[in-house]
Every structure is written in C-alpha cells, then in structure tokens.
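Q: Hello! I have a new protein on my screen and would like to learn how to read it. Could you take me through it one feature at a time?

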Amino acid sequence: MTRGQKITIKPGKVIGWATLILLLVITLIPFVWTIRTAFVPNAQIFSGDYSLIPQDATLVNFKRVLGLVSAEEDLAAGGAGAKMYFWLYLRNSMIFTALLVIGQVVTSSMAAYAFARLRFPGRDKIFAVLLTGMMIPPIFIVLPNFVLIKNLGLLNSFLGLLAPYFFVSPFAIFFLRQFFLSIPREVEEAAKVDGAGYWRTFLRIILPMSSAPIATISIIQAVFAWNEYLWPQLIGKDHAVRLLNVALAVFQQASPSTSPDWAGLMAAATLQTLPMLIVLLLVGKKLVGSIGLTSAK
C-alpha cells in the first residue's frame, strides 16, 4: 500500500470479523469459567463474587485432585475425602489414546492407499459402503459391541476398550485417500521401474510424502480418543483401566448431592484438558493448513 492510499473497509468484512470474534468469545467463556472456578474454594463458589479473577485464589483444588493433601484437608476444602488416583487414570488415558491412534493410522493408511491405487472388483462400491459408516450415529452400535465384548470376556480390559476403535476409521480412510489420489502416478511408476512392489512403494515413498496428512489425522484421532466417554464408561470400570474422563464423573458422584464438589471437578477438568490443548496450540496451524490442502486436492 502506497502513502496516501485510502484504506477501504468493506462492511461485509467487518461483519464477518465481528461474527468470528463473537463466536470465539462465546466458545471460550465456558473454558475460562472452568479455570476460574478451579482456583476458587468450593465453599465460595456461590458467594456472590463472580469476577473473572477470584479474590481468594488457591491451588488447593489442584492439590486435592493430584492427591497432594490428606483426607482431612480434602474435607476441609469442600471435598468428599475420596482419592482420585489422577496419575493412574492419566496413564490409562495416554495408553488408550496412543494405541488407538497407532492402530487407526496404520490400518487406515493402508486401506486408503488400496482404495486410491489398487484395482480390484467392487472397489468403489466397497468404498461407498465404508463411507456410509460416517453417517451412522455411534450410539446405534454401542449395545451390539457391548454384548460382543461381554461374550468374549473382555470387560475391564484395554483390549475391550480398544476393540471397536483400533482398526480402520471411515473418516481417516476418506481423508488419506484424498491425499493419495493427488500424488502423481509418475512417482510410483518410477519406483516400479526400479523394481519396487506395492509394499515397498507404500512404505518408502508414499508414507514419507504423506507425513503432513498422517500427522493431521493422528491429531484428530487423538483428540477423539482423549475425549471419548460413553464406551470407556461401559467397559472400563475397574481402577486399572479406568480413563480420566470416566474418573471425572466418578469423582463428581462421590461428593454429596447437597454440596457437589464443583471446584475439585473443575480443577480435574482443567488438568484433563491441558494435554490436548497444548498439542493443538503447537500444531493447530499445521492441522488447519493440511485439512484445507487435502480438501482442495
């Protein structure tokens, strides 16, 4: 822009930015208020002080969740005296998330490459049937899966938790297939001339070229696994396999119904959110760019 040139402000752009800012504020309000409540003593939540920064901010709620206080101190702070085993549940959630991401990325990338490059009878029809899985509400398959896992004796085990999710994801297959289709066939033909088969081409050429979309789908599936609640709540009730999301609900139920431990629950929810929030802040820009690039191709 040269000196003296007038800046033209379009009304449509102003309205668009104002709408985005308003939506951003509305989206962030619950999260900000969760953090604010986590620093307030449980007895003072409904004291009438609704300022953004509490006057008597304290870390006792986080200490209670992390098991750094005695049962007497927990009761004095408004808790129920029940121990949460936060680190155990955090470990379980990390194991569940890591295994789910590894299983889905490995199997979905292979299936996506097959649908993108291999020719076999009924390929397009099978792919269309697979995509219909994206339109089926997950609640519809919870009961059949639960009966199957129960009959197999896999209740309260990581194998039972992972069984419905470990293998291919329709969305992941669709997402990666779109990128594989954009890779020039000349690259694979050159590898074939050098004597490389499908497996070698896939492992040595296609996967290294697809690092960005594979990282993106890994993050998407990690966020899904980290926030999953219904299935882990049905299958993993024992402490040894209980996930952090389920533990939050149990923690809330342990407090008296007449005086719920909202401060402790908000502190636990804040700690539960931090891992995925950090990941999204670090790679969010790359995630959005990769989704846009893949959809454009």
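A: Gladly! Let us start with ring pairs: rings of Phe, Tyr and Trp count as a pair if their centres lie within 6.5 Å, and planes under 30 degrees apart are called stacked, over 60 edge-to-face and the rest tilted. Please keep in mind that this is a predicted model.

Q: How many aromatic pairs does a search of the whole structure find?

A: The search gives 10 aromatic pairs. In one of them, the ring centres of Phe-115 and Phe-120 are 6.2 Å apart and the planes meet at 50 degrees, so this pair is tilted. Ring pairs also link Tyr-113, Phe-180 and Phe-202 into a cluster.

Q: What kind of pair do the rings of Phe-166 and Phe-167 make?

A: That pair is edge-to-face, because the planes stand at 90 degrees, with the centres 5.2 Å apart.

Q: Are these Phe residues buried or exposed?

A: The general idea is to look at relative accessible area: under 20% is buried, over 50% is exposed, and partly exposed lies in between. Phe-115 has 10%, so Phe-115 is buried, while Phe-120, at 32%, is partly exposed. Phe-166 is partly exposed too, with 28%, whereas Phe-167 reaches 54% and is therefore exposed.

Q: Which residues is Val-65 in contact with, beyond its neighbours within four places in sequence?

A: Val-65 is in contact with Met-84, Phe-86, Gly-264, Ala-267, Ala-268 and Leu-271.

Q: Could you show me how to follow a single residue?

A: Let us take Ile-217, which is found in helix H11. Its relative accessible area is 1%, so Ile-217 is buried. Setting aside neighbours within four places in sequence, Ile-217 is in contact with Val-105, Phe-171, Ala-172, Phe-175 and Leu-176. You can check a distance as well: the C-alpha atoms of Ile-217 and Met-135 are separated by 19 Å, and the two residues are 82 residues apart along the chain.

Q: Where does Asp-261 lie, and is Asp-261 buried or exposed?

A: Asp-261 sits in the loop between H13 and H14. Its relative accessibility is 3%, so Asp-261 counts as buried. Again leaving out neighbours within four places in sequence, the contacts of Asp-261 are Asn-42, Arg-64, Gly-78, Gly-79, Phe-251 and Ser-255.

Q: Which residues form a nonpolar patch on the surface?

A: To read a patch, look for nonpolar side chains within 5 Å of each other that have over 30% relative accessible area. In this model, Leu-24, Leu-28, Val-32, Trp-33, Phe-46, Tyr-50, Leu-52, Ile-53 and Trp-262 form such a patch, with about 970 Å² of accessible area together. Helix H1 (residues 11-38) supplies the largest share, four residues. Trp-33 lies in this helix, H1, and is partly exposed, because its relative accessible area is 34%.

Terms used: Residues numbered from 1 in each chain as written. Predicted model: local features only at pLDDT ≥ 70, side-chain atom pairs only at ≥ 80, totals over all residues. Heavy atoms only, no water. Contact = heavy atoms within 4.5 Å. Patch = residues over 30% accessible without salt bridge, like charges linked within 9 Å, V, L, I, M, F, W, Y side chains within 5 Å. Areas by Shrake-Rupley, 256 points an atom, 1.4 Å probe, with all protein chains shown as cover. Salt bridge = Lys/Arg side-chain N within 4 Å of Asp/Glu carboxyl O. Helix = DSSP H or I, 4+ residues; strand = E, 2+ residues; numbered from the N terminus. Buried < 20%, exposed > 50% of the residue type's maximum accessible area, 1.4 Å probe, protein only. Phe/Tyr/Trp six-rings, centres within 6.5 Å; stacked < 30°, edge-to-face > 60°.
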